[in-house]
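Here are my notes for you on this one. Have the chain open while you read, and take the points in order.

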Amino acid sequence: MTLLALSLPLLSATPAFAMHISEGILPFPWAAFWYLALAPFVALGARRLNSVSREDLSIKPLVGLLAAVVFIISCMPIPVPTAGTCSHPCGTGVAAILVGPLVSVLIAAVSLLIQALFLAHGGLSTLGANTFSMGVVGSLAGWLAFRGTRRLGGSLAVSGFVAGILADWATYATTALILSLGIRGEAPFAPLFVKVVLAFLPTQLPLGILEGVITAGMVTLLYRKRPDLLVKMRVITEKELPVHA
């Protein structure tokens with residue numbers, strides 16, 4: 001009786017929600033298209049990683065650490081059942097700030113691949129689409145936002161906050177675009193796109209702000225504890241080092 005009682009939760013049917021864009025949602029032509037769109041960014045990212053690691057062997061351990069950070073951050077799902085996916089933080093903003101957007105694409109690809117293989121989050125058929133939205137668009141948006149805000153005189157905290165928000169929101173705008181293009185069939189694109197965006201808004205607006213706070217906190221913590229690392233990553237210059245460093 002005890003074994004039966006313990007097994008009831010496993011035997012009972014419960015709702016399951018997809019993490020990232022789930023397996024099988026995108027038709028094959030669209031799934032293949034996003035793999036092709038992603039391929040040059042992965043190639044450029046691998047080339048960039050090999051280039052910088054030849055100059056500094058400590059880069060690869062840092063990339064591995066960032067991959068773990070992105071993996072953990074992007075594993076916190078909030079279901080959006082009307083969109084066939086989940087809202088979640090991404091982590092690619094901080095990765096792009098520290099190692100650049102191209103290497104951040106590789107980090108996102110590895111993180112999403114592990115999630116697809118071992119956690120059933122996303123899927124192999126949608127890996128190209130998920131990596132394109134989170135890795136390519138999210139990383140570029142975060143990196144450009146950080147660099148742009150810094151040039152306008154923003155502090156590390158403010159620039160990290162803006163980068164985290166825009167990386168997150170850009171990822172989900174792209175996810176809405178990918179979903180709408182893939183599942184619309186003969187329906188008009190614009191109304192469906194608006195519906196998917198509206199489905200994300202209640203969860204992703206606050207999550208984007210939360211990711212901005214997380215990104216700002218990580219960058220400022222590194223500035224206090226390891227400013228030399230930020231100099232090495234060309235996030236700040238030697239003139240910006242704190243006095244006690």
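1. A definition to start: rings of Phe, Tyr and Trp (its six-membered ring) pair if their centres lie within 6.5 Å, and planes under 30 degrees apart count as stacked, over 60 as edge-to-face and the rest as tilted. Searching the whole structure turns up seven aromatic pairs.

2. One of them is Trp30 with Phe33, an edge-to-face pair at 5.6 Å centre to centre and 80 degrees between the planes. The two sit three residues apart in helix 2 (residues 28-55), so about one helical turn separates them. (Helices here are DSSP runs of H or I, at least four residues, numbered from the N terminus.) Phe33 also pairs with Trp34: their centres are 4.9 Å apart and their planes at 80 degrees, so this pair is edge-to-face too.

3. Buried or exposed: how does Trp34 count? Buried, at 6% relative accessibility. Trp30 is partly exposed at 27%, and Phe33 is partly exposed at 39%. The cut-offs: buried is under 20% relative accessible area, exposed over 50%, partly exposed in between (1.4 Å probe, protein chains only).

4. Step back, and ring pairs link Trp30, Phe33, Trp34, Phe41 and Phe132 into a cluster.

5. Now check the backbone at Ala120: its phi is positive, about 60 degrees, although it is not a glycine. Ala120 lies in the loop between helix 5 (101-119) and helix 6 (127-151), and it is exposed at 63%.

6. A word on the source: this is a predicted model, where local features need pLDDT of at least 70, side-chain atom pairs count only at pLDDT 80 or more, and totals for chains, interfaces and linings use all residues. Residues are numbered from 1 along each chain as its sequence is written, and side-chain values use heavy atoms, with hydrogens and water left out.
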